[in-house]
Amino acid sequence: MADGLFYVDHRMPFISADAASVTLAPTNKAIIPIANLPILGSNYFNYVGKALRIRIHGRYINGATPGLILYSLVFGSGADNVGTTLASVNTTGIVNIASRMWLLECVVRCRSMGSSGSLFTSGLLFLAGTGQFGFPDATPSAVTVDLTAANTVITFQANRSGSTAESMQVHDVLYEALN
Amino acid sequence: MADGLFYVDTRAPHISGDVPSVTLAVTNKALIPVANIPVLGSNYFSWVGKAIRLTMFGRITTGTTPGNGQWNIYWGNGADANGTIIGSSGALALTASQTNVSWRMETIIRCRALGATGALFVTGEWRANVGVLATSLQPALIPAATPASVTVDLTAASVISPQFLRSGSTGEAMQVHDVMYESLN
């Protein structure tokens, strides 16, 4: 039997089809449509220690000059290039990749509450053909965000410094409230 | 407190001892006996988006010519190579002459369509001791490329059976020490 009331539960919406492929640009592009993300609501993180576990599985396609690919977890509205980066990995993109998989697994935990609240992210990013990265890849630290803001989401965004037709597509998304 | 009613729960049976070691072959071998796998029942996947997380930890031993190893996740009766493959890794070069090195595998199996022509979609990863799976081959994501859902009969009372094959010819074996099936919603 379960130990107590801090059970893990799976947050809706539950993905049932691939998200649309997203063409990368030099600025952040949201890789997951807002319709596939749980809206957290104002003061969702209502006690210190509350945490979400996030798992996102997708693929990437790179052209001839992808440059650096920046993978970021962003707290904000879910729109392109909007919000505060909670954690990121910046790595050299492999050229001319037709389809490679990636997988992000991380926990986002509240470290302080309110309008000057803070979230701490720790996890792993797997990039097929490139390797495994801590997420963030250096200097983990809590990031100050306004946890009283409504209609916020935690989304995955990416950009590339190159100039060719890189794209990403999400196949599976899982948000679990850990407590 | 938790957010809502889609709580995650571990499915019985709960493993309490190592399952027998499985000698690998060029055809798929079930790594877990049916007795250690939850029978989900007909129409277990009763809404689109319902998902199960399968996590295993085990060991692998390789001989002098193990060849390539490959994961295949089956929807079937749990017997060797029975049923429909719903997710596979790439064929991964196994390093020869490794003894009892550890690995961990995790996948999520999600329903994308219901009924007799239902569909399951598998995403996951295999992490192994770098002695047997070179760092250049890791992360070994499942699938290796081009994920797609697979049509299966979800009205059948089938099980999700993780299976493995190798292309080589020597005495490779795998053994599962821990297995967990979690209903995610």
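In which loop of chain A is Ala64(A) found? In this predicted model, Ala64(A) lies in the loop that links β4 (51–62) to β5 of chain A. The residue is classed as exposed because 11 C-beta neighbours fall inside 10 Å, and a count of 12 or fewer meets the criterion for exposure. Leaving aside residues up to four places away in sequence, Ala64(A) is in contact with Val95(A), Asn96(A) and Thr164(A). A further spatial relationship involves Ile97(A): the C-alpha atom of this residue is 8.6 Å from that of Ala64(A), although 33 residues separate the two along the chain.

Strand β5 of chain A, at one end of this loop, belongs to an open sheet of four strands arranged in the order β3-β11-β5-β6 (chain A), with antiparallel pairing. The edges of the sheet are formed by β3 (29–30) and β6 (84–92) of chain A, each of which pairs on one side only. Within the sheet, β5 (residues 68–76) and β11 (residues 153–160) of chain A run antiparallel and are joined by eight bridges. In one of the pairs between these strands, Ile69(A) has Arg160(A) in β11(A) as its bridge partner.

Chain A has a mean pLDDT of 93, and 99% of its residues reach 70 or more.

Key
Residues are numbered from 1 along each chain as its sequence is written. Chains are lettered from A and ligands numbered from 1 in the order in which they are written. This is a predicted model: local features need pLDDT of at least 70, side-chain atom pairs count only at pLDDT 80 or more; totals for chains, interfaces and linings use all residues. Two strands pair if DSSP finds at least two bridges between them. Helices (H or I, at least four residues) and strands (E, at least two) are DSSP runs, numbered from the N terminus. pLDDT is the predictor's confidence in each residue, from 0 to 100. A residue is buried if 20 or more other C-beta atoms lie within 10 Å of its own, exposed if 12 or fewer, and partly exposed in between; C-beta atoms are placed from the backbone. Two residues are in contact if their C-beta atoms, placed from the backbone, lie within 7 Å.
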